[in-house]
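Hi,

Here is the structure I promised to pass on. Have a look at it first, and then read my notes below.

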Amino acid sequence: MAFINGLKCRECGREYSAEPLNVCEFCFGPLEVVYDYATISEVVSQDSIAKGPLSIWRYKDLLPAQGDDPVDIMAGYTPLIKAKGLGKQLGLNNLYIKNDSVNPSFSFKDRVVSVAATKALEFGYETIACASTGNLACSVAAHCARAGVRAVVFIPSNLERGKIVGAAIYNPILVSVDGTYDQVNRLCSELADDYPWAFVNINMRPYYAEGSKTLGYEVAEQLDWRLPDHVVVPSASGAMFTKIWKGFNELACLGLLDGVESSSFGVDQNTVHHPAVKTKMHMQQAEGCSPIATAWSNKQSQVIPVQPDSLAKSLAIGNPADGIYAIKVIEKSEGSAYAVPESEIVNGIKLLAETEGIFTETAGGVTVSGLKKLAESGAIKSDELTVVYITGNGLKTIEAVEEVVDPLDIKPSMRSFEEMFQGAK
Amino acid sequence: MGKQRVKFTFEETLVKEPVIYELGRKFKIVTNIRRAEVGETLGWVVLELDGEESEIQSGLEWVSSTGVRVDPLGGDVIDG
């Protein structure tokens with residue numbers, strides 16, 4: 001069973017029972033899950049987690065859906081790798097990569113969709129839907145195939161076919177919408193109101209977003225229940241960024257970190273900051289779609305929406321739902337936000353590939369370039385424990401780096417090979 | 001008849017314009033503001049629109065034409 005009491009508005013505090021609902025009926029503020037931490041603290045421990053499956057469901061007591069028979073394609077428990085090569089390049093001796101590009105559908109979306117799909121089935125839905133330009137569509141379609149329920153995936157009509165093959169292979173109903181980015185957005189919001197479907201990031205959003213907490217739990221567990229000094233995270237809506245932070249603070253409050261006593265969650269579970277959590281949260285966005293980083297650097301009280309125009313399509317959310325909450329996390333953690341120049345994205349992809357053997361998508365290029373900037377500026381000191389999150393696989397955005405294919409052209413003779421090879425050395 | 005929940009964002013040059021008042025006058029739409037913040041350089045309003053679907057669509061197109069940004073409630077739903 002899930003140890004939750006219901007939902008609560010982040011703005012006015014009104015409470016609701018656990019329903020497929022994402023917006024407060026009174027003030028239209030976003031809703032968040034309210035947990036029964038008193039019961040959770042009685043059942044969860046480092047040992048109980050260690051006995052769980054090697055997926056996000058090892059943390060089932062901390063997730064808002066029942067974990068006994070989840071929709072699970074084995075998302076999560078991805079490698080945390082000591083990054084000696086990249087660390088040497090950047091002058092960081094204690095750098096780790098959380099490689100979430102090896103999830104079953106090759107992005108971190110499997111974490112959130114696994115939770116949303118499990119909750120959708122709990123609610124009795126027979127159709128799960130989303131609007132996506134790539135990773136989310138793949139993950140929703142894959143989880144629906146696993147669960148044996150219908151998937152409906154909306155895509156903009158101008159989306160390159162190659163981007164959607166990874167979703168289409170699971171045989172969802174693909175709906176290509178002939179409209180602008182804004183029109184597709186608006187249509188899907190209206191559909192979520194009118195159709196009895198579980199839209200993972202609309203009416204299921206409070207549950208869906210919680211899946212990203214596992215990115216925080218796993219890093220702590222893989223570091224022997226310690227937290228890093230810094231984390232470097234790509235960001236689109238800001239949800240994953242805020243949930244990693246929430247995950248760290250939950251572990252601290254529940255006494256699951258080594259040497260940290262359990263403590264109260266206070267009056268608001270979603271804004272709790274345990275004093276033992278000293279991790280600095282660094283957000284990376286691409287310059288072509290950086291509304292949160294811009295708001296943070298300009299000290300704006302609100303995030304001004306933008307029209308996305310970035311190579312990093314998986315980070316291209318112009319109106320980020322959790323933007324303002326992400327800024328609060330940056331402030332509390334004494335972290336930072338940076339808009340990575342578009343021209344640096346491909347360099348970041350290449351740097352990670354050439355130093356660590358990991359091929360990431362454009363979002364990862366943003367993250368690695370942002371990490372480089374943090375190292376060069378001295379914001380991260382050489383011996384500080386740092387984790388950089390790589391959230392998607394490079395095979396999803398091959399077109400961004402096609403230029404690297406530059407073979408030595410030879411004739412089929414030893415002489416031709418040796419001439420060219422000598423020159424290349 | 002239908003209802004739609006939206007967010008309007010006003011940049012500095014539009015903060016003082018009575019766009020919501022004009023929306024209710026020009027179109028057969030009832031506007032119901034639920035939450036807002038208006039500063040000197042930026043304003044946003046979260047509201048519900050009640051009316052015929054075609055009126056709401058025409059009304060939102062007119063609002064966009066004034067330069068006010070119109071977004072679905074809860075941020076963008078197209079995800080990467």
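Is the crossing of H5(A) and H6(A) left-handed or right-handed? It is right-handed. Before I go further, please keep in mind that this is a predicted model.

Let me stay with that helix pair for a moment. H5(A) covers residues 135-147 and H6(A) covers residues 161-168. Their axes are 7 Å apart, and the packing angle is about 20 degrees. Angles under 35 degrees count as roughly parallel, so that is how H5(A) and H6(A) are described. On the H5(A) side, the contact comes from Ala137(A), Cys138(A) and Ala141(A). H6(A) brings Ile164(A), Gly166(A) and Ala167(A) to it. Sorted by class, the contact between the two helices has five nonpolar residues, one polar residue and no charged ones.

Next, some strands in chain A. E1(A), residues 4-9, and E3(A), residues 31-35, run antiparallel and are joined by five bridges. If you want a place to start looking, find Ile4(A), which stands opposite Tyr35(A) of E3(A). Why is E3(A) described as largely enclosed by the rest of the structure? Because four of its five residues are buried.

Another covered element is helix H9(A), which spans residues 213-222. Nine of its 10 residues are buried. Among them are Leu215(A), Tyr217(A), Val219(A) and Ala220(A), but also charged residues, including Lys213(A), Glu218(A) and Glu221(A). Just after this helix, look for Asp224(A), which takes a positive phi of about 55 degrees.

Now for where the two chains meet. On the chain B side, 21 residues are in contact with 38 residues of chain A. Five strands of chain B each give two or more residues to this side: E1 (2-11), E2 (29-38), E3 (42-51), E4 (69-72) and E5 (78-79). The chain B residues that touch chain A divide into eight charged, seven nonpolar and six polar.

One of those strands, E5(B), also pairs with a strand of chain A. Its partner is E6(A), residues 127-132, and the two pair in the parallel sense over two bridges. To find the spot, go to Ser132(A), whose bridge partner in E5(B) is Asp79(B).

That's what I have so far.

Best wishes

Notes:
Residues are numbered from 1 along each chain as its sequence is written. Chains are lettered from A and ligands numbered from 1 in the order in which they are written. This is a predicted model: local features need pLDDT of at least 70, side-chain atom pairs count only at pLDDT 80 or more; totals for chains, interfaces and linings use all residues. A residue is buried if 20 or more other C-beta atoms lie within 10 Å of its own, exposed if 12 or fewer, and partly exposed in between; C-beta atoms are placed from the backbone. Two residues are in contact if their C-beta atoms, placed from the backbone, lie within 7 Å. Two strands pair if DSSP finds at least two bridges between them. Axes are lines fitted to C-alpha atoms, for helices over the stretch in contact, and angles run from 0 to 180 degrees between N-to-C directions. Angles under 35 degrees count as roughly parallel, over 145 as roughly antiparallel, 65 to 115 as roughly perpendicular and the rest as oblique. A crossing is left-handed if the near helix is turned anticlockwise from the far one by less than a right angle, and right-handed if clockwise.
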